[in-house]
Amino acid sequence: SDVISETWLKMATYQEFIQQNEERDGIRFSWNAWPSSRLEGTRLVVPVSRLFSPLKERPDLPPVQYDPVVSNRSPNCILNPFCQVDFNAKTWTCPFSYQRNALPAQYRGISEQQQPAEILPQYTTLEYTLQRGSTAPLVFLIVLDTCMDEEDLQAVKESLQMSLSLLPQNALIGLITFGRVVQLHELGCEGISKSYVFKGTKELSPKQVQDLLGLAEDLS
């Protein structure tokens with residue numbers, strides 16, 4: 001029928017939209033629709049998560065030589081194309097918490113005709129050149145699914161070795177692998193392979209994980 005044909009056409013169009021965004025931003029979500037309530041969120045079989053390609057090249061991105069605009073209250077949000085912007089009141093609204101935030105003074109000249117890059121629809125991904133230097137080293141946590149054949153696993157190992165060679169010398173690196181069990185590897189051990197092994201069938205609280213790893217800080 002015409003109704004069914006129109007429904008399939010809309011689904012195909014939405015699927016194409018998702019694929020275009022994945023190809024452009026190098027991001028894939030486990031779900032493409034956000035839960036409308038906490039109850040609906042608890043019924044998700046797979047949690048909301050994403051795969052992100054941090055080294056994906058985007059030659060079309062403009063240089064952004066300033067810090068991102070962050071919301072005033074928690075949960076923090078960064079100004080992006082999905083935020084509602086009131087150009088007259090010079091405020092913007094977080095799409096998750098619906099909290100209104102004042103735009104900084106340097107944004108007083110923006111209008112519907114003159115918008116900064118971070119709210120333009122084609123720039124859902126941006127790379128900021130921060131003006132405030134960070135004293136803390138960068139942290140990279142690698143999570144690797146080992147359920148693959150030997151050839152693919154070898155290719156992943158080679159790719160990881162290349163990626164590690166490109167990281168800053170003072171970067172902190174963590175490695176978690178998972179297959180039949182979850183392994184948290186201790187990379188600081190020289191001459192011996194050391195890891196903490198967790199069974200996927202046993203649920204552990206953050207406090208139990210903290211005790212097993214000997215961490216002093218509260219993970220909850």
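This is a predicted model: local features need pLDDT of at least 70, side-chain atom pairs count only at pLDDT 80 or more; totals for chains, interfaces and linings use all residues.
**The E7–E8 pair.** Next, select residues 172–178 for strand E7 and residues 181–186 for strand E8. These two strands run antiparallel and are joined by four bridges. To view one bridge partner, display Phe178 together with Val182 of E8.

**Thr177.** Now centre the view on Thr177, which has its place in strand E7. Is Thr177 buried or exposed? Thr177 counts as buried because its relative accessible area is 10%, below the 20% cut-off. Show the side chain of His185 as well: a polar contact of 2.8 Å links the side chains of Thr177 and His185. Beyond its neighbours within four places in sequence, Thr177 is in contact with Leu144, Thr146, Val182, Gln183 and His185.

**The cysteines.** Finally, turn to the cysteine sulfurs. How many disulfides does the count give? The count comes to zero. Select Cys83 and Cys77: the sulfur of Cys77 is the nearest cysteine sulfur to Cys83, at 4.2 Å, and Cys83 is in no disulfide. A disulfide is assigned to sulfur atoms within 2.5 Å. Cys83 is buried, with a relative accessible area of 9%, whereas Cys147 is exposed, with a value of 57%.

Technical notes: Residues are numbered from 1 along each chain as its sequence is written. Side-chain values use heavy atoms; hydrogens and water are left out. Two strands pair if DSSP finds at least two bridges between them. Buried means under 20% relative accessible area, exposed over 50%, partly exposed in between (1.4 Å probe, protein chains only). A polar contact is a pair of N or O atoms within 3.5 Å; within protein, one must be able to donate a hydrogen and the other to accept it, and residues adjacent in sequence count only if both atoms are side-chain atoms. Contact means heavy atoms within 4.5 Å.
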